[in-house]
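Trainee: I have not looked at this structure before. Please show me how to read a few of its features.

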Amino acid sequence: MPPRPHLRTSTPGKPSSRVPIPPSRAVVDCAVYVDGKRLPGLRTFSHALDEVRSTGRGYVWVGLHSPDSRQMEGVANTFGLHELMVEDAVQAHQRPKLEQYDNTLFLVLKTVKYVAHESLQVANEVVETGEIMVMAGNEFVITVRHGDHTGLSGVRKQLEELPERLALGPTAVMHAVADHVVDTYVDVTTAVEFDVDALEENVFSPGRRIEIEPVYLLKREVMELRRAVDPLDAALRRLTSSEDKLIPKEVRRYFRDVQDHHTSVNERIASYDEVLTSLIDAALAKVGIQQNTDMRKISAWVAIASVPTMIAGIYGMNFDNIPELHWKYGYFVVLTLLATICVGLWRTFRRNHWL
């Protein structure tokens, strides 16, 4: 649940002041896990951490949604987080990355969501992005979400059904979150593929007029998708490296599977980018051909219309000595001549595929 805005209170004759909202208002879920099993009961994150430290067993998983700076500072003071982690978690405009602060790993993930639409001609957005930060220490794991489509309740529920996975420690939660995010990449790229195929069919269908704006729109959205997905590769390579002693060997094996899926997604996005670049070139060429065809048609009709315009202009002059001016059949002869010339021009242009 997203935190509510700060409330204002005021008294007569005094300026209004902000009432700080406690950090607990940003908490979506908080639990202690021992041997992969969730302990019953509700706890605040400070009480949960005290319990873990007093017993020396298990770890705390705290889920936050869009915390502000004051709320995040309260969490940082409890768990001893570095101020740079707090700043990144609040700002929520970070590239995917992995950083280490003493014995705490800080992973930033970009989330993506496919925005359903009837057609690209009326769509304003195809891919919506958000962020998830994961902070994993020896006694805790904190997930911070930004965006309406970044829910992790399903991930937590699935992990709780796999106690042997949760028993691997906080980095197992980090893996589950990363695996969930990369799986959404797969779903989104599959949906985008249908849009790319539809555009490709539209561009190369004979006799169909092409609109270039949908191609540019999808190209922009694929670029945004690439910026969200591609930088995660460096973080996953480090998470699978045997040199990182903060991640158990078994968890690194799970991360390798995530890395394989991420590599596949990267390759698909790169192929979409190349296809769209080719479609832009093809669409521009087709638009140029359409414009040339339209100009030929316009020129042909102008040539046909110029004949009656010219003859009518000549006979519109105020001269007495114009051939057949006073002949009673002259008007009908001129009309017949105009019709004959215009039909002859029309048949000529038609035969040469100008009309």
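Predicted model: local features only at pLDDT ≥ 70, side-chain atom pairs only at ≥ 80, totals over all residues.

Trainee: Where does L168 lie?

Mentor: L168 is in the loop between helix 5 (163–166) and helix 6 (170–204). Helices are DSSP runs of H or I, at least four residues, numbered from the N terminus. Residues are numbered from 1 along each chain as its sequence is written.

Trainee: Which residues is L168 in contact with, leaving aside its neighbours within four places in sequence?

Mentor: Contact means heavy atoms within 4.5 Å. With those neighbours set aside, L168 touches P248, E250, V251 and Y254.

Trainee: Why does L168 count as partly exposed?

Mentor: Buried means under 20% relative accessible area, exposed over 50%, and partly exposed in between (1.4 Å probe, protein chains only). L168 counts as partly exposed because its relative accessibility is 27%. V333, placed in helix 10 (residues 330–351), is partly exposed too, with a relative accessible area of 42%.

Trainee: How are two packed helices described?

Mentor: By the angle between their axes and the distance between the axes. Axes are lines fitted to C-alpha atoms, for helices over the stretch in contact, with angles from 0 to 180 degrees between N-to-C directions. Here the axes of helix 2 (residues 69–79) and helix 3 (residues 83–91) come within 10 Å and cross at roughly 145 degrees. S69, M72, E73 and A76 of helix 2 make the contact with V86, A89 and V90 of helix 3.

Definitions and conventions:
Heavy atoms only, no water. Helix = DSSP H or I, 4+ residues; strand = E, 2+ residues; numbered from the N terminus.
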